[in-house]
Amino acid sequence: MGARGRRLVTVLSGFLGSGKTTLLREYLRRYPGDDIVVIINEWGTVGLDHHLIRAVKEQPILLRGGCVCCVRLDDLVRTLREVLDLEQSGKLPAVRQVVIETSGLADPVPVLFTLTTDPILKHHFTATSVVVTLDAVNAVAQIAQQPEIHKQIIAADCVVITKSDLVSDEDVSGLRVSVRQFNPTARILVSCLGDACDALELTVEGENVQPLAIDQLPPIPHQEVQTATLGFSDTLDWPAFSVWLSMLLEARGPDILRIKGMLDIGEAGPLVLNTAQHIVHPPEHLSIWPQGSRKPYLVFITRGTDPARIARSLEAFQRAGGRGGLRVRCVDHDCGERA
Amino acid sequence: MCVLCAQMVNEIHWSERQLNPEWITRGAGETARRRSRRARIRLCSVVLGHYGLEVVDDWSATNYLLGDRKGNQRVLTSLAELWPAASRMAGATLDPLDDRLLDRLLETAGK
């Protein structure tokens with residue numbers, strides 16, 4: 001259970017054949033127990049994933065009839081409510097974790113949307129991480145041809161590069177750069193036969209946002225998206241920030257693909273912010289700065305929106321909110337200067 | 001539900017979340033919450049004013065009363081409801097990247 005008594009949910013996504021089930025199967029082998037609920041989706045008529053998972057004697061609840069995210073969200077709601085009923089009536093042990101494996105073509109964001117907006121589920125479940133598998137052998141071609149993968153990488157908190165034994169170290173390094181072009185903040189793990197299944201381990205709410213290593217920012221972003229990392233000259237005014245962010249997501253939500261970062265709002269620790277399109281994970285206030293380093297930042301992944309305009313807008317709202325001398329600057333390439 | 005005013009509070013909006021969820025209903029926490037809320041309303045009023053709208057009132061420090069110059073009013077529980085309602089009332093999307101709005105905000109900051 002999470003800090004607010006909610007069951008923690010891990011969303012596992014990744015393109016067709018990218019090794020989602022291998023990763024999940026290895027995770028369930030390493031961490032056996034009946035307190036993990038697995039909800040999988042089958043795409044098409046052959047429930048191959050379902051049979052594979054049944055082989056490890058877990059109790060997946062199969063969602064039938066299409067894509068869990070785009071077609072049958074009601075099924076996901078119904079299934080999670082059923083899990084809740086079973087647990088609360090004593091027919092299921094206390095649920096420690098729910099792993100939702102999406103179909104290979106699914107965008108993970110609607111799953112997050114369902115969890116955060118359903119009037120019942122939002123009080124009992126909270127998504128703590130999105131893990132995305134990326135097939136090292138085919139990823140370069142898939143990234144070039146499959147827009148679904150772009151959405152999955154952008155939504156990811158952790159990207160697991162699978163089948164690493166079938167490619168060279170240089171190929172893996174190149175793939176890391178490709179991932180960072182879409183999502184500079186995602187943790188990247190390299191896996192062979194599911195050995196990086198720890199990616200599915202529970203994370204505490206807010207733990208998925210880590211201090212940013214500027215040297216890991218991609219030299220050139222992908223042409224379809226803009227990424228920008230904002231730095232600040234002073235502490236932010238939280239009321240002004242919340243007015244600005246709520247207005248920005250309402251006006252530009254579909255094009256603000258991801259915002260992730262740590263803000264200094266004058267408290268002892270940072271405020272951790274994580275959004276996926278119009279979905280805002282409840283901001284987490286940490287008691288101390290990770291690694292003792294007070295380095296606030298905010299990464300934006302956008303489509304068709306100039307990051308420099310976002311920086312100017314945030315600065316204007318902060319100044320109007322009382323932070324008269326505050327400067328907001330891009331610390332990476334897109335805004336043309338580094339702090 | 002509040003036992004005094006019978007208002008339903010389904011959920012605390014992310015903008016009002018504090019370190020401890022229970023903290024906001026008690027003593028100093030409530031004072032801080034209201035101070036933060038007043039700051040939000042002050043800034044919202046500048047932004048909304050650019051579009052001919054205003055936050056007319058803040059009912060029980062839980063509901064925004066949004067109004068326009070024709071006397072139309074809407075009661076809204078959070079910022080998540082405020083912006084779409086304001087866009088409908090103004091007949092245009094309220095865009096925080098709008099240069100003219102930003103100029104107005106910077107003018108306000110300079111006063």
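**View 1. Chain B is built from three helices and three strands.** Helices are DSSP runs of H or I with at least four residues, strands runs of E with at least two, both numbered from the N terminus. The order of elements from the N terminus is α-β-β-β-α-α. Chain B has 111 residues, and 44% of them are buried. Here buried means under 20% relative accessible area, exposed over 50%, and partly exposed in between (1.4 Å probe, protein chains only). Of the chain B contacts (heavy atoms within 4.5 Å) between residues at least 6 apart in sequence, 38% link residues at least 24 apart. This is a predicted model: local features need pLDDT of at least 70 and side-chain atom pairs pLDDT 80 or more, while totals for chains, interfaces and linings use all residues. Residues are numbered from 1 along each chain as its sequence is written, chains are lettered from A and ligands numbered from 1 in the order written, and side-chain values use heavy atoms, leaving out hydrogens and water.

**View 2. Chain A holds ten helices and 14 strands.** Buried residues account for 59% of its 339 residues. Among chain A contacts between residues at least 6 apart in sequence, 75% join residues at least 24 apart.

**View 3. Helix H9 of chain A meets helix H2 of chain B.** H2(B) spans residues 79-90, and the two axes come within 9 Å and cross at roughly 55 degrees. H9(A) is therefore oblique to H2(B). Axes are lines fitted to C-alpha atoms, for helices over the stretch in contact, with angles from 0 to 180 degrees between N-to-C directions. Angles under 35 degrees count as roughly parallel, over 145 as roughly antiparallel, 65 to 115 as roughly perpendicular, and the rest as oblique. From H9(A) come A:Ser242, A:Val243, A:Ser246, A:Met247 and A:Glu250; from H2(B), B:Leu79, B:Trp83 and B:Pro84. Five of the contact residues are nonpolar, two polar and one charged. Ala, Val, Leu, Ile, Met, Phe, Trp, Tyr, Cys and Pro count as nonpolar, Asp, Glu, Lys and Arg as charged, and the others, Gly among them, as polar.

**View 4. H9(A) also packs on helix H10 of chain A.** H10(A) covers residues 307-320; the angle is about 140 degrees and the axes lie 9 Å apart. The pair is therefore oblique. Its crossing is right-handed. H9(A) residues in the contact include A:Phe241, A:Trp244 and A:Met247, and H10(A) residues include A:Ile310, A:Leu314 and A:Phe317. The contact has eight nonpolar, two polar and two charged residues.

**View 5. A:Phe241 sits in H9(A), residues 238-252.** A:Phe241 is buried, at 0% relative accessible area. Beyond four places in sequence, A:Phe241 touches A:Leu236, A:Leu263, A:Leu273, A:Leu298, A:Leu314 and A:Gln318. A:Ile265 is 24 residues from A:Phe241 in sequence and 9.5 Å away, C-alpha to C-alpha.

**View 6. The largest nonpolar core has 53 residues.** Such a core is a set of buried Ala, Val, Leu, Ile, Met, Phe, Trp, Tyr and Cys residues joined through side-chain atoms within 4.5 Å. A:Leu230, A:Phe241, A:Phe317 and B:Trp83 touch the most other members. H9(A) supplies the largest share, nine residues. A second, separate core of 51 residues includes A:Leu134, A:Ala136, A:Val272 and A:Trp289.

Definitions and conventions: Left-handed = near helix turned anticlockwise from the far one by under 90°.
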